[in-house]
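Hi,

Here's the structure I said I'd pass along.

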Amino acid sequence: MARTNGKKGKKGFLNPKLPSSRLQVAGEPSDSTVAVTLPSESPGSSLEQLVVPIEPVEIGDPGRAARLHVPKFDTRFPGVHDTVFDGYRIYPDHERNSPTLDVRAASVRGISHRHEGVVRQDSYCMGQSSQGRYLVVAVADGVSNASLSHLAAEQTVCSIVAGLAERIDAEHPDQIDWCAEFRTVVTQSWLGPLRDHLTSVVGDPTRRLLLERNPELPEDFDVVQLSDSELGAVMATTVIVAIIETADEDGAGHRVWLARVGDTSGWLLRRFDASATGQVAEGTAPEPEPAEKDDEVAAVMSIESSIETVIETEPEPVPQGRWSSLGSVKNDGEQIAESGTAALPSFHDRSVFTDLVRLDSGHALVLMTDGIGDPLGGGSGMVGDHIAELWSDPPAPLAFASHCDFARKSFDDDRTAVAIWPIRGPRG
Amino acid sequence: MVTLPYRQFGGLWRKIMAESLDDSQKLLPFYLLCDVSASMFGVLDDVNQILPALTVALERDPIICDKIRFGVIDFSDDARLVLPLCELLDQETLPALSCRGGTNYGAAFDFLRTQLEQDVNTLKADGYLVHRPAVFFLSDGSPTDAESSWRSAFANLTQYDKQTDQGFAFYPNFIPFGLNGCDPRLLQQLIHPTQPKERSMKMFLQAENQGAAEAVTTMAKLLVNSVVKSGAGLAGAGGIVLPEKGDDLDVVIVEPDDDLYL
C-alpha cells in the first residue's frame with residue numbers, strides 16, 4: 001500500500017517496486033507518475049513501458065473499512081458500473097491543430113456502497129458544443145435516502161450536457177436561466193425513466209412508498225401526478241455544471257460559467273509551476289561577466305549571481321492556498337457537522353449558486369462530489385496537499401480514477417471528480 | 001514541494017486542523033443514558049448485554065465501526081460516566097451497570113450536558129468532524145427530583161438558537177426508551193428535536209404482554225440497528241435512523257405529536 005502521510009518525494013505515492021502479480025493495465029507511457037519499468041523477472045518485455053501498476057492510495061489512517069469491506073454488486077441495477085473514468089484532449093476547432101485543454105474524469109463507488117451492495121449514485125457527463133467553442137461538464141451526487149437517486153444523477157448530467165452542448169454556441173452562457181434549466185431537466189428527463197422503472201420492475205417498493213406518502217394518489221397513478229416533494233422522496237440529486245471556453249482568446253484565461261445546487265463543489269487548483277523546479281529558467285540567468293581583468297573574481301561573481309537566481313526561482317516553501325473553493329465550503333464555521341444538502345427536484349431559487357471565473361494555465365478546474373469534497377475540507381490539509389500534487393498535471397486516466405478511490409478513515413461515500421487543465425505552452 | 005511533517009506539530013497542528021476542518025474524520029457519537037434506580041434491578045442483566053451485542057454488530061460491519069463512538073452514563077441519585085466515549089472495538093473489557101438509589105433526571109441531564117460539551121470539544125480539537133450526538137435514554141420510573149429542576153436541566157441540554165448562538169450548540173438527538181413503570185406522557189416530552197418533521201426523533205415503549213427483560217432485548221436490537229443505519233447514513237443525507245411504525249418490531253413507537261391513551 002502506498003502510504004502518503006510521510007515525507008515523500010513527488011513520485012513517492014506510487015511505489016514502482018511491486019510484485020509482478022499486481023494488477024497491471026495499459027496506460028500512457030509518457031506520464032511519469034504511473035509509467036514504470038517492470039521488475040526484471042516480469043515476462044513480456046515489449047509491454048515494459050505500457051504496463052501501469054495501480055496501487056491503492058491511502059491518506060493518513062485508512063481505517064478498518066478500507067481493509068475489511070467486501071465489494072458486492074447491486075443486483076437491482078446490473079447496468080451501473082462500480083467505476084467509470086475518462087481522459088480526453090480538447091481542441092477548440094474542427095481542424096484539430098492545437099489542443100487547449102486536458103480533461104480527466106472518474107466516478108468510483110464509495111466503500112460503503114460497495115460493502116452494502118448498493119449502486120453508485122454519483123454521475124458525470126461532458127460534451128463539446130457543436131462548433132467546438134465550449135466544453136460542458138456536469139457532476140451530480142444522487143441523495144442516498146432516495147432509492148432511485150442514481151437515475152436522478154445520471155439523467156440530470158446527461159440531459160443538461162446534451163441540451164447545453166446543442167444550444168450554447170447560439171445562446172451565450174450569460175443568458176442561461178439556471179433555475180429554469182434545472183427545473184426543465186427534472187420534468188424532461190426524470191419522469192420517463194421513473195415511469196419505466198415503476199412499470200417494468202416487479203415487486204419494486206417505490207410505488208408502494210409513494211402511495212404511503214400520499215394516500216390521495218390513485219393506485220395506478222402516473223409519475224406526472226407526483227409533486228416535487230413526492231418525487232424527491234424517490235429521486236433526488238445535487239448537481240454542478242461548468243461551461244468552459246475551449247479557447248483562451250484574450251490570453252487572460254478560459255472563461256468558466258458555473259452553476260450548482262447542493263454540496264457538489266467546484267474548485268480552482270493552483271498547479272505547481274513547471275518552471276519553478278529550482279533550475280534557472282531559460283533566459284533569466286545572467287550571462288557570466290566577461291573575464292577581462294581578474295578571472296577569479298569574475299568566476300565568483302558569476303556563481304553568486306547564479307545562486308541568487310536559483311533561490312529566487314525555487315517553489316514556495318508551503319503550498320498554502322492551493323485550493324480555492326468556488327462558493328462556500330460545506331460545514332465551514334458550523335458548530336456541529338451536518339450532512340443535509342439542497343438538491344433537485346425540491347430546491348429554492350436561492351439555493352442555485354452561480355459564478356464566472358477565469359481558468360488560466362497555472363490552475364486546474366476541479367468539479368467534485370462531497371465524497372471527495374468532505375475529506376478535502378477547505379483544501380489546506382493532507383488530503384488537499386496530496387491531491388494537489390497528484391493533479392498538478394493530468395495523470396493517466398486510470399491513475400486519476402485510483403486517486404479518487406483513496407482510502408481515508410470514515411470517508412466512504414461515492415467519489416466523482418472531473419478536472420480540466422489548460423495545456424501549457426512550450427515554456428510551461 | 002515541501003511536505004509538512006504533520007505529526008510533529010502536536011497541539012498546534014491539532015488546533016489548525018480543528019479550525020479549518022481540513023483533514024478531519026467524520027464521527028457520530030452515541031450515548032446510552034441508563035436509569036439504574038432500585039426498580040431497574042431485574043433488567044440490568046439484560047441492559048448489560050447491549051454493549052456486547054453492539055460490539056458484535058460493529059465487528060461484522062467494518063464500514064460503521066470507523067465512524068461511530070459509544071459511551072455509557074448511568075444515573076440514579078447522581079450520574080456517573082460508566083464508559084467514556086470510545087471505539088467499542090478497541091475496548092478490552094466492557095463495564096457492567098449495577099443498581100443504586102432514586103431516579104434523579106436533573107442530575108442525569110446536567111451530567112450529560114457537561115459530558116457532551118467536553119467530548120465534542122475534545123473531538124473537534126482532535127480534528128474530527130463531529131455529527132450531532134444521539135442519546136438513548138432508558139428509564140422505568142418517574143423522576144424523584146423536583147419537576148422544575150429536571151425541566152430546567154433538560155432545557156439547558158436541548159435548547160439552542162442557531163441565529164443568536166444562544167443555548168447549547170451540541171444539543172443531542174434525544175431518544176427515550178420507556179419500560180413499564182415510566183410515565184409515557186412525561187417521557188414523550190423528552191423526545192428531541194421534534195421539528196422539523198424529517199429530523200424529529202421518537203420514543204419507544206415496552207409493548208403490552210412483554211416482560212421487561214424481553215423489552216430491553218428488543219430495545220437493544222433497535223439501538224444496535226439504529227447505530228448501524230445512522231452510521232451508514234453519514235455518507236449521504238445523514239441523520240439518526242429509527243424504526244418506522246409498521247416495522248416488524250415488538251415495541252410501541254411514539255412520535256412527538258401522538259396522542260397517548262394509555
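Predicted model: local features only at pLDDT ≥ 70, side-chain atom pairs only at ≥ 80, totals over all residues.

**Chain B overall**

Chain B has 8 helices and 10 strands. Of its 262 residues, 56% count as buried. If you take the contacts in chain B between residues at least 6 apart in sequence, 76% of them join residues at least 24 apart.

**The cores**

The largest nonpolar core has 84 residues, and the members touching the most others are B:L32, B:L33, B:V47, B:F70, B:F109 and B:F174. Helix 8 of chain B (residues 212–233) supplies the largest share of this core, with 9 residues. There's also a second, separate core of 44 residues, which includes A:L151, A:F182, A:M235 and A:F347. As general background, nonpolar side chains tend to be buried together in soluble globular proteins.

B:F174 deserves a click. What does B:F174 contact once its neighbours within four places in sequence are left aside? The list is B:L33, B:F109, B:L112, B:V135, B:F137, B:F154, B:L157, B:L190, B:I191, B:H192 and B:M201.

**Helices 5 and 6 of chain B**

Some of those names come back in this helix pair. Helix 5 (residues 105–125) and helix 6 (residues 147–158) of chain B have axes that come within 8 Å and cross at roughly 20°. That angle is under 35 degrees, so helix 5 of chain B and helix 6 of chain B are roughly parallel to each other. The crossing is left-handed. On the helix 5 side, the contact uses B:Y105, B:G106, B:F109, B:D110, B:L112, B:R113 and B:L116, and these meet B:W150, B:A153, B:F154, B:N156 and B:L157 of helix 6. The residues of this contact split into 8 nonpolar, 2 polar and 2 charged.

**Helices 3 and 4 of chain A**

Over in chain A, helix 3 (residues 149–167) packs against helix 4 (residues 178–200) at an angle of about 125°, with the axes 9 Å apart. Helix 3 of chain A and helix 4 of chain A are therefore oblique to each other, and their crossing is right-handed. Helix 3 brings A:L151, A:A152, A:Q155, A:T156, A:S159, A:I160, A:L164 and A:R167 to the contact, while helix 4 brings A:W178, A:E181, A:F182, A:V185, A:S189, A:W190 and A:P193. By class, that contact has 9 nonpolar, 4 polar and 2 charged residues. Two of its residues, A:L151 and A:F182, were also named in the second core above.

Cheers

How values were computed
Residues numbered from 1 in each chain as written. Chains lettered and ligands numbered in written order. Heavy atoms only, no water. Axes fitted to C-alpha atoms, helices over the stretch in contact; angles between N-to-C directions. Helix = DSSP H or I, 4+ residues; strand = E, 2+ residues; numbered from the N terminus. Parallel < 35°, antiparallel > 145°, perpendicular 65-115°, else oblique. Left-handed = near helix turned anticlockwise from the far one by under 90°. Contact = heavy atoms within 4.5 Å. Nonpolar A, V, L, I, M, F, W, Y, C, P; charged D, E, K, R; others polar. Core = buried A, V, L, I, M, F, W, Y, C linked by side-chain atoms within 4.5 Å. Buried < 20%, exposed > 50% of the residue type's maximum accessible area, 1.4 Å probe, protein only.
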